[in-house]
Amino acid sequence: MNLKLKQYINGQWVDAKSGQTRDIINPYNQEVVATVPEGDDADAKEAIAAAREAFDHGEWATLPAIERSQIVRKIANFIERDREELARLESLDTGKTVEESRGDMDDIAGVFHYYADIGDKNGGEMIESPMPNSISKVVHEPVGVCGQITPWNYPLLQASWKLAPALVTGNTLVMKPSEITPLTTLKTFELMEEAGVPAGVANLVLGSGATVGNELSSSVDVDLISFTGGIATGKKIMQAASSNMKNLALELGGKNPNVIFADADFELAVDQALNGVFFHAGQICSAGTRLIVEESIHDDLVNALVERVKQFKIGSGFDDDTQMGPLISAEHLEKVEKYVERGIEEGATLAVGGKRPEDPELQDGFFYLPTIFTDCTTDMDIVQDEAFGPIITVEKFTREEEAVNLANDSIYGLAGGVFTNDIAKAERCAAKMRMGTVWINEFNVYFPHAPWGGYKQSGIGRELGKLGIEEYTETKHILQNVKPEPLNWF
Ligand SMILES: NC(=O)c1ccc[n+]([C@@H]2O[C@H](COP(=O)([O-])OP(=O)(O)OC[C@H]3O[C@@H](n4cnc5c(N)ncnc54)[C@H](O)[C@@H]3O)[C@@H](O)[C@H]2O)c1
Ligand SMILES: C[N+](C)(C)CC=O
């Protein structure tokens, strides 16, 4: 592996101060693929100090935006150049198929290109001032030092949504990737160094959430914390961030409904219901794990899904014909198993799956069979809780209003889908569904131009699109009196 297995602090590649290391495990066979430094709060403090110094006294924040855009463009180009190496690293870390990882790398390069395109077009605006003899303008400035914390399921994709807008707007940052999937983020910090990001501007600390993540969230020298991960962690971060009233951007979990009407294109709905859940073994925040199906097609749809699921090719992400890889870890596999046990206890019917595969070749990996539960109701934990595994729950409805009410009956509000050939009905449902993204006759599509984020407990703020850049800027009103005169009031 041609990769510096170090942290990157103030332009230097360094080990953890404590000397501790962590083995990175391939979830397909539990082999150690790399050993990386295990930083802690001492490393985080040093990185925050470097980012603070670079922001307060360096040139990055005041560089012409076009120069920062050019550096962000170079990062995009380097990601395209090293696409195959990055995709393979991502699959080694996560177990997802290399084909999926290649798609991720294309999306990631697209994110850096998008922010390079728009980063120098955020120049503010003149206001028609109601005050005579004045000039009133609104400008956008970088927030300052940003702490960025990412999860293991889309390690580099989620990192790119934070790195590109933060850099292009002139912030400095400290990133902490998930401790179990740091390799592509490490590689990207090499690419950022090659692209000319100055020392101290972008820092990488590896280690756990309880140490490095908590330091980033609570430090009074960090101005913004951008976090992608689970709700429980998001709540802890929110509390820690109150230390200095940090700006907060939270991209949290989802339990996403996919509403299928009887008048939908049946084959399309089946195909998208599968795509919506089983990519990356269901470990997707926006996975459409809650199928809400019109009663008249329920049995046919479930039968079609079950037949297709039985044909899935499960295996190594590095085999060309693999459709679904393993779960991320032994701990996560156990969580998914407990969730299925709970579904059975609650009275749901297991239509397919519900266990680990018996294939002898898969016994060293963290595999779980694609699983479908029927006879589900909204009061069940398996319908309400995010399992983050290859599991679908199916609920029935008879009326449009009932379908929308079921879809909204959740603490989450990340994403959802509607399948129907009646576009007026689809639009009515989309308008009433309380989610940050609603897909019509589509599922799980995202691109850099459109904002992404959650309603309700699925998060605060938006990444991607123009809003994604606003997260990383403060807005300032500057008023100039061009003919100042004393008020003579006092
Ligand atoms: N909304 C989105 O766009 C989106 C995208 C991807 C994943 N997710 C969500 O992420 C979750 C899965 O990821 P995960 O298991 O890595 O989540 P997680 O919350 O366990 O961990 C995410 C990150 O937070 C860190 N962390 C843990 N405890 C912390 C603490 N006390 N303080 C600061 N940082 C801490 C972890 O080390 C990791 O880097 C799912 O809920 C999924 O829905 C959401
Ligand atoms: C946001 N997304 C869909 C790329 C990954 C969610 O886990």
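## Basis of the model

In this predicted model, local features need pLDDT of at least 70 and side-chain atom pairs count only at pLDDT 80 or more, whereas totals for chains, interfaces and linings use all residues. Residues are numbered from 1 along each chain as its sequence is written, chains are lettered from A and ligands numbered from 1 in the order in which they are written, and side-chain values use heavy atoms, with hydrogens and water left out.

## Ligand 1

The shell around ligand 1 holds 30 residues, of which the closest are Thr-150, Glu-179, Thr-233, Leu-252 and Glu-386; a residue belongs to such a shell if one of its heavy atoms lies within 4 Å of the molecule. By class the shell divides into eleven nonpolar, 14 polar and five charged residues, where Ala, Val, Leu, Ile, Met, Phe, Trp, Tyr, Cys and Pro count as nonpolar, Asp, Glu, Lys and Arg as charged, and the others, Gly among them, as polar. Helix H7 (209–218), strand E10 (224–228) and helix H8 (231–241) each supply at least two shell residues, and H7 gives the most, with four; helices (H or I, at least four residues) and strands (E, at least two) are DSSP runs numbered from the N terminus.

Polar contacts are pairs of N or O atoms within 3.5 Å; within protein, one must be able to donate a hydrogen and the other to accept it, and residues adjacent in sequence count only if both atoms are side-chain atoms. Oxygen atoms of ligand 1 make such contacts with side-chain N or O atoms of Lys-176 at 2.8 Å and of Glu-179 at 2.6 Å, while a nitrogen atom of ligand 1 is 2.7 Å from a polar backbone atom of Leu-252. Taken alone, ligand 1 exposes 850 Å², and the protein buries 88% of that (Shrake-Rupley method, 1.4 Å probe; for residues, only the protein chains shown count as cover).

## Ligand 2

Around ligand 2 the shell has seven nonpolar, three polar and no charged residues, including Tyr-154, Trp-161 and Trp-452. A polar side-chain atom of Asn-153 lies 2.7 Å from an oxygen atom of ligand 2, and a backbone N or O atom of Cys-285 lies 2.7 Å from an oxygen atom of the ligand. The protein covers 98% of the 250 Å² of accessible area that ligand 2 has on its own.

## Arg-290

The side chain of Arg-290 reaches the backbone oxygen of Asp-409 at 3.4 Å.
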